[in-house]
Amino acid sequence: MTTPLLSVRNLSTHFAMGGGLLRPTSPLRAVQDVSFDVMPRQTLGLVGESGCGKSTLGRTVLRLLDPTSGSITFDGQDVTKLSQRQLGPLRRRMQLVFQDPFSSLDPRMTVQGLLSEPLRIHRLAKDREEERRRIVELLDRVGLRREALGRYPHEFSGGQRQRIGIARALALQPDFVVCDEPISALDVSIQAQIVNLLLDLQRDLGVSYLFISHDLKVVEFVSHRVAVMYLGRIVELGPARDLYARRLHPYTRALMSAIPIPDPSQRRVRLLLQGDVPSPLSPPSGCAFHPRCPKAQRGHCDVSPPQLRSLNPGDDHLVACHFPEE
C-alpha cells in the first residue's frame, strides 16, 4: 500500500470562549477526535453544513492553528509539536487556497510582487531573471498572460483573482494544498474553469488536495475519497464513488437528498432534518447527531458516542453510527 502523505489521528481543536472576572471559560469544540489520511496525488473532499468545523480542520492541519490534542504526520514527520521555526521548511510543501481571492491578496501589491514574495522569502530564485521566468511560468500554468504582472488585484475578475491565488500557492512547488471553499465566492460560469484547473495541476504536478466545500456535486467530481463532517466530527468516510452510491449515515443521506437534479422527470425524496445544529459550546451527549436523527434510540444514541468503523472487515468505507443503513 502507498504510504499516506498526510495522516491525521484523533485531532481536536478547542477554543476558550467567554470567561471574565470570576467566570470560567467554556471550550468551543470546533474539531473533535478527527482521523483521516490523504494519499499522494489524491484529493480528500470534506463536506458538511456551515459551522461544522471544516475550515478550522484545514487550518489546523497546516498548523495555522494549534491543535488541542492528537497528531498530524506529514510525509512521515510528526508536525504537531514543532515550533514555528521548525515548521519553516515544511511551509513550502503545505499551502492554502483561500475562499475569497480578493481579501487574500494584498491590494497594494502587483501580481509580480505577490508571486515573487514567496520565492524571495524561501530563496528559490538565484537572481531577478530566474525569478521573473518562474513567475511567468506560473501565470501561464494557471491561464493568465504575462501582461498581468504589472496589474493590481482590483483590476481582475473574481475568477482571475482566484487563478492568481492558486499561482501563489503553487509558487513554492508544494506537495499538499488545502483548498478552502475555493469556488464558492465565484460565479457559476467560472467555477467549472477553476475546478478543471485544479484537476489539471494535480495531474501535471502530482499535488494532493484537501478540498473543502459545501457543493456536493463538485466534491464528488474532484475527490478520490470524501469525509462528511458534523459538529466537529467525521461521521462518514470512504471512496467517493462508494459513499455517494451507498450512504450509510442518516446525516449523509439528508445532505445527498438536497443535491439538485437537472432532469425534472427524475424525482428524489428530500430528507428534511428537524431542528438546528447544536452549539459546539454545549454539544449533545452520546451521538452529536441524535437530536436531529430520525433513527435515534433513546437510552443508546443519546448516551454512547459511536466510533468511526467499517461494517465489513477490510472495507474502507467507515461510518460513525449505531444504526447505519446496511
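Biologist: In which strand is Met17 found?
Modeller: This is a predicted model. Met17 lies within residues 6-20, and that run is strand β1.

Biologist: Is Met17 buried, partly exposed or exposed?
Modeller: Buried would need under 20% relative accessible area, and exposed over 50%. Met17 has 35%, so the residue is partly exposed.

Biologist: Which strands stand at the edges of the open sheet?
Modeller: Eight strands form the sheet, with mixed pairing, in the order β6-β7-β8-β3-β9-β10-β12-β11. An edge strand has a single partner, so one of its sides is left without a neighbour in the sheet. That applies to β6 (94-97) and β11 (309-310).

Biologist: Which residue of β7 is the bridge partner of Val97?
Modeller: β6 and β7 (residues 176-180) run parallel and are joined by four bridges. Met94 has Phe176 as its bridge partner in β7. For Val97, the partner is Cys179.

Biologist: How many residues of β7 are buried?
Modeller: In a regular strand the side chains alternate between the two faces of the sheet. In β7, Phe176, Val178 and Asp180 point one way, while Val177 and Cys179 point the other way. Both sets are buried, and the count for β7 is five of five.

Notes: Residues are numbered from 1 along each chain as its sequence is written. This is a predicted model: local features need pLDDT of at least 70, side-chain atom pairs count only at pLDDT 80 or more; totals for chains, interfaces and linings use all residues. Side-chain values use heavy atoms; hydrogens and water are left out. Two strands pair if DSSP finds at least two bridges between them. Helices (H or I, at least four residues) and strands (E, at least two) are DSSP runs, numbered from the N terminus. Buried means under 20% relative accessible area, exposed over 50%, partly exposed in between (1.4 Å probe, protein chains only).
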